[in-house]
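Please look over the chain shown here before reading on.

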Amino acid sequence: FFRRYRIWKQFKSWVGVVRRTRMGSSGHVLDTSIRMLPTLRDALFKVRAECLAVTGLRFVDLKQEFEDDPLAAKEMQSGGKLKAVDMMSFTGKQAALRLELETALQEFYTKVRNEVQDACDLTVSTFLSDMQITSDHEMSFMEKASLRTHCARLGRFLRLADLVVSDTLKSTMLATLRTLGAMMADRKSVV
């Protein structure tokens with residue numbers, strides 16, 4: 001132990017220095033590249049709020065089968081065995097649920113797209129007015145570089161908004177599948 005102690009202590013110190021250096025450089029990159037304009041930040045908060053509203057949706061709803069039959073619901077709560085559900089009524093209710101989900105998700109996509117598009121339009125128009133760039137104005141090299149940087153920032157914002165939306169839909173689908181799997185595991189004996 002004592003022969004290796006100095007080597008291990010130096011190694012641990014080196015690892016700590018490398019970790020602090022990495023964290024510092026990563027923090028600098030985050031500060032410079034992902035810093036958002038207030039317009040984009042507010043739009044991202046609104047997109048996130050819309051996503052939180054969607055997380056309550058479920059793509060398959062088995063609980064509604066028991067709402068129609070109070071005895072089955074009481075039996076489900078007490079942990080008793082349930083009778084099999086009629087396939088025609090199940091598929092009919094799931095088709096109605098699918099139509100409701102299609103409308104809700106279409107409204108969600110429309111709201112998110114409009115919010116992101118409005119934020120990008122406002123940001124670009126603010127940038128062009130701040131730089132005093134008009135359509136008939138010949139842009140200098142510095143103005144073009146600044147515009148490219150601004151467009152890259154908008155691209156990162158769009159990717160971030162897309163990731164937030166797809167992550168929300170993925171987590172909603174996984175929650176639905178977990179619920180479905182748990183209900184099937186609890187009711188293995190029901191045939």
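This is a predicted model: local features need pLDDT of at least 70, side-chain atom pairs count only at pLDDT 80 or more; totals for chains, interfaces and linings use all residues.

A salt bridge is a side-chain nitrogen of Lys or Arg within 4 Å of a carboxyl oxygen of Asp or Glu. Residues are numbered from 1 along each chain as its sequence is written, and side-chain values use heavy atoms, with hydrogens and water left out.

**Overall make-up**

- The protein chain has six helices and zero strands; helices (H or I, at least four residues) and strands (E, at least two) are DSSP runs, numbered from the N terminus.
- Along the sequence, the pattern of the protein chain reads α-α-α-α-α-α.
- Of the 191 residues in the protein chain, 20% are buried; buried means under 20% relative accessible area, exposed over 50%, and partly exposed in between, with a 1.4 Å probe and protein chains only.
- Among contacts in the protein chain with a separation of 6 or more, 83% are between residues 24 or more positions apart; contact means heavy atoms within 4.5 Å.

**Salt bridges**

- The structure holds four salt bridges.
- K46 is partly exposed at 48% relative accessibility, and E115 is partly exposed with a relative accessible area of 23%.
- R41 and D42 also meet through their side chains in a salt bridge, at 4.0 Å from N to O.
- The relative accessible area is 38% for R41, which is partly exposed, and 37% for D42, which is partly exposed.
- E102 and R98 form another salt bridge, with the closest N and O atoms 4.0 Å apart.
- E102 and R98 are four residues apart in helix α5, so about one helical turn separates them.

**Helix packing**

- Helix α2 (residues 38–54) and helix α6 (residues 141–186) have axes that come within 10 Å and cross at roughly 10 degrees; axes are lines fitted to C-alpha atoms, for helices over the stretch in contact, and angles run from 0 to 180 degrees between N-to-C directions.
- That crossing makes α2 roughly parallel to α6, since angles under 35 degrees count as roughly parallel, over 145 as roughly antiparallel, 65 to 115 as roughly perpendicular and the rest as oblique.
- Residues of α2 in this contact include L40, A43, L44 and V47, and those of α6 include L154, F157, L160 and A161.
- H150 lies in helix α6 and is buried at 7% relative accessibility.
- Apart from neighbours within four places in sequence, H150 is in contact with L37, T123, V124 and F127.

**Surface**

- The protein chain has an accessible surface of about 14300 Å², and 61% of this belongs to carbon and sulfur atoms; accessible areas come from the Shrake-Rupley method with a 1.4 Å probe, and for residues only the protein chains shown count as cover.
- W8, F11 and W14 form a nonpolar surface patch with about 390 Å² of accessible area together.
- Patches are made of residues with over 30% relative accessible area and no salt bridge, where like charges are joined within 9 Å and nonpolar side chains (Val, Leu, Ile, Met, Phe, Trp, Tyr) within 5 Å.
- F11 lies in helix α1 (residues 2–33) and is partly exposed, with a relative accessible area of 40%.
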